[in-house]
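Visitor: I would like to learn how to read a model like this one. Where do we start?

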Amino acid sequence: MKKFFARTASAAGLFFALYAGTLAASPDDDFIAMRQAFQVGDSARVALYAQRFQGHVLEPYAAYYQLRPQLENINMSADTIKKFLTRYQDSPLSDRLQGEWLKALGKTQQWELFVEAYPGGINGDTELTCYSLQQRLGANDDNAFNAARPLWFNGRDLPASCTPVFEILLSAGTLTSDDVWTRLRLALETGNVSVAKRINQYLPGNQALNERKLTAATDNPLRYLEKHRNEIKTRADREIALFAMLRLLRSGPDQAYVYWTRIRGQFNEKDRSYFMVRLADQAARRLNPRALDWFREAASTSSTPVPLSDAQLGWKTRAALRVGDWGLVLETIEAMSDTEKETGVWRYWKARALKAQGKTVEANAILAPLSAEHNFYGQLAEEDLGVVMSALTEPYKATREEIAVIERSPGIQRALALYRMNLRIEAIREWAWAIRDLDDRQLLAAAEVARRNGLYDRAIHTADRTRLQHDFSLRFPAPHREAMRDALKQQELDEAWVYGLIRQESRFVSDARSSAGAMGLMQLMPGTAKWVAKKMGMQKYHKTLVTDINTNLMLGTYYLKHVLTLFDNQSLMASAAYNAGPGRARQWRDEKPLEGAIYAETIPFNETRDYVKKVMSNSMYYASTFGHQMRTLTQRLGIIPPKSNGVNVSEEEENKPDENQ
């Protein structure tokens, strides 16, 4: 027995000796080890490392890592949570833990504690919203019925906490069978078949969809329609047939319309209008010239046509822009919701439509306030008023004292510490939390702190938030300029345009990696980088070199020059090609010359449409910052040549990877 205790004591001594050696490492190493222990659920190791962080700037994380695993313990003291929330309220961890605690309380139906802890200001977390509604419905809060009902009307999969809420609403008759059909269609039109099947269970058996048929329509819509097109009798049959037609739209609007003419007689007016709206919307998104005809058919099919959503009205407007129908542009924008029509994009195009109709005074009344906004549409509005962008206004420079105050902020210090350990997600959350309530001067001081620490993405993000006082050198930083000059000299590229593109691609994060696999400052896809390296004759190229700043700039500017040459030095199309591939950029042209702003506005991909606007807008600010001879944004956008003047592309260029993002 003595030998056993001796061996045990010896083992324990070795155990603590090993940990003592570990704890002698740097604080950064200890933090990483503590974080890893938390991730694998090793509470003992977390507690051991946490001792090292008492009084440290990262103490909130040590406390969180110890407290978080205990939330499922229903006997846990609420005071413990409250102390954490109070002590670490300057960290996003307080908000995170509060949300997690509320979910634990809702799951275990500890409603008294839930009500006490649930702040009315929590938005955007549907799971928590549904737990709150569960509590309110259980407490016979009549207002909860009206508050819960809007949640039902979407096609997304919702958290499990919403299911009891919906069952109460259905039992009470607040949700009717028509409401069930409405959500069923919403789920099907967004392709969420699994959600549709769950909703289907709320319908009586004699009304519900045949799920075997639904699966068949999902797998092969054309074959399903061919087999069942003469069997569209019930509402369930019509819903599945409409779903199959929506799936068929993926093959192209023209093919779908041909088939629709064979079966549309089996649908009522409202269903015909419903399908035609979606057909027209998809046609507009694909730049199909028949889109406007189909929008008109959708409106004339029924005495009460299906109303268009803001998104559908947006694409109808874009289709009208492509054909130059300014009257329809104005009419469609006016049909949008008040919120939507007040966005910069539609204010600008409304002004252009008014000006095209000779209503210059009304147009200028819209353009004047828009021109004060620092964005793509603000710049275009300024030019439409006859003002050419000149040197930027005198910037506000944060004082040494203002910068020192920001540097002492615990949230900023935590963010910098987390960045140092390459924990970018946590660092970004800390930074965002630290600057959320700052005024303009404080924001510019924080942006300067970010710039000094090489965090150009945070400098841009922070400086972009100012409302009245600005420093455009922080919004549009130009790091690595010496390395850039060498690359630009070789390729003869516009420095302002290239910087504008990099700002949009990576925010100057040299090791940035997109979800698609693009890497480095210029966000090169592996296939593109390899192709360029081969074209340049690079010896011993390896994909790990893509995040090297000099290599990335050399490869990226070569490829950018390649696409610019493909499009006859048209930087707008080259920007689109850099993001979505040369093939797509060519397809998005029209049969006639097209104003560059309209080409940009009607790019079908949301990401690319936003991207090219920001790249071209950025280039204007960089040109001003660099003191370059100014061209207007309209001149930079240019006129897009028609498809008939297509670029001749060699076989080698066609075989190059076509999509860089």
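Guide: With a term. Helices here are DSSP runs of H or I, at least four residues long, numbered from the N terminus. Keep in mind that the model is predicted.

Visitor: Which residues of α2 are buried?

Guide: First the general idea. An α-helix has 3.6 residues a turn, so residues three or four places apart point the same way. Now the case: D30, F31, A33, M34 and A37 are buried in α2. These residues lie on the same side of α2, because their arc around the axis is only 165°.

Visitor: Now L553. Is that residue buried or exposed?

Guide: The cut-off for buried is under 20% relative accessible area. L553 has 1%, so this residue is buried. L553 sits in helix α34, residues 549-566.

Visitor: What is L553 in contact with, beyond its neighbours within four places in sequence?

Guide: Its contacts include H480, A483, M484, A487, I502, L521 and M522.

Visitor: And the whole protein: how many helices and strands?

Guide: There are 40 helices and two strands. Of the 661 residues, 49% count as buried. Among contacts with a separation of 6 or more, 62% come from residues 24 or more positions apart. The C-alpha trace spans about 90 × 75 × 55 Å along its principal axes.

Terms used
Residues numbered from 1 in each chain as written. Predicted model: local features only at pLDDT ≥ 70, side-chain atom pairs only at ≥ 80, totals over all residues. Heavy atoms only, no water. Buried < 20%, exposed > 50% of the residue type's maximum accessible area, 1.4 Å probe, protein only. Contact = heavy atoms within 4.5 Å. Arc of directions from axis to C-beta.
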